Amino acid sequence: MKIKAAVTHEQGQDFKIEEVELHEPRLDEVLIKIVASGVCHTDAVARDIGLSPFPAVFGHEGAGIVEKVGEGVQNIAPGDHVVLSYAYCGSCENCLSGHSSTCENFNDLNFGGEMSDGTHRLHQHDQPVSTFFGQSSFGTYAVANQRNVVKVDKDVDLALLGPLGCGIQTGSGTVLNKLKPAFGSSIAIYGAGAVGLSAVMAAKIAGCKHIIAVDIHDNRLELAKELGATHVLNGQKSDVVKEIKAITGSGTHYAIETTGVPPVVKQSVHALRPLGAVAIVGVTPAIEFDVHNDIMAEGKTIMGVIEGDAVPQLFIPELVEYYKKGLFPFDKLVQFYEFDQINQAFEDSKTGKTIKPILKIS
Ligand SMILES: [Zn+2]
Ligand SMILES: [Zn+2]
């Protein structure tokens, strides 16, 4: 079928909305009419650095309505409201033990450009076009494997839900699935973007006593307070490590680092109390640590976390439930754009004007 999709032909190029051929879903695949798609930082990285072969259709926070399912698809039917999340194989050791976000085939399935059977669903003038994250949600329709299709409650505005498939799942899942903070513990969250603010809301759900948000934009820190931060620190105006130790006594039990900025990553480790743990979720370059003094001697842990260590089919419906109860108000991070404003949406995300852009596609 012919669809409209935002195609990226070359590295660093603006998105162009063009006609693309989308093939029928195969045995274990689902055809989805995309209603809206979130814009995530990884889309910009893919466009500018080239994570997948060009030409490509990016977008990996799709939300839509099922049109058609392959004969082998179970529990998903035409008319269902769905969120699209990351692709995973379902059969490696990590997938089988409930850690599909660290699937051993994650890179191939999400960034290789092909579906799991090694073929393409998208073509333009007979040339294969890469699928991204097994979905390519910057299009009017998408085909995805049933494994990354998550059925959601029809009572909630579907256009809002796409970001639950990546950015919001990453922040909240890192707290609730990985760090699992004890009641009354303290957590510092570095970076108050979509991922960090989702972590703030999750830390409130978990019952943390001190939830300290650190950013360099006061407007984002204000929003962090509204969403549950008990303290906020502007990293350009305060000595973050000293302030955190003053608030907590000897540092935080937990931290999430979303910025990938080396001095901030170091702060996140230095402001931990002994035995504290920090989850790194930002794209971070090489950093030098004094391993003995910074980590070993105080029994600290530095861990990497992908996609909030969440199994999307289990975690996303939970987030929707908390949203419905008013306990996870992620709609406060969102700004809607029309599909043809896609380049503006990326620009506004880059400058920080918008925390989480969502493209309304149909
Ligand atoms: Zn796997
Ligand atoms: Zn993402």
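Tutor: Let's start with C166, which is buried, at a relative accessible area of 6%. Buried means under 20% relative accessible area, exposed over 50% and partly exposed in between (1.4 Å probe, protein chains only). C103 is buried too, at 5%.

Tutor: Some background: this is a predicted model, where local features need pLDDT of at least 70 and side-chain atom pairs count only at pLDDT 80 or more, while totals for chains, interfaces and linings use all residues. Residues are numbered from 1 along each chain as its sequence is written, and side-chain values use heavy atoms, without hydrogens and water.

Student: How many disulfides are there?

Tutor: A disulfide is a pair of cysteine sulfur atoms within 2.5 Å. By this rule the count is 0.

Student: What is a cavity, and which residues line the largest cavity?

Tutor: On a 1 Å grid over the protein atoms alone, a cavity is a set of points where a 1.4 Å probe fits but cannot get out; lining residues have an atom within 4 Å of a point. Grid points are joined across faces, edges and corners, and a volume is the space filled by probe spheres set on the points. Here the largest cavity holds about 80 Å³, and its lining includes Y88, E114 and R147.

Student: And the second largest pocket: what is its volume?

Tutor: A pocket is an open set with protein on both sides within 12 Å along at least five of seven lines. This one has a volume of about 210 Å³, with Y88, R147 and K151 among its lining residues.

Terms used
Chains are lettered from A and ligands numbered from 1 in the order in which they are written.
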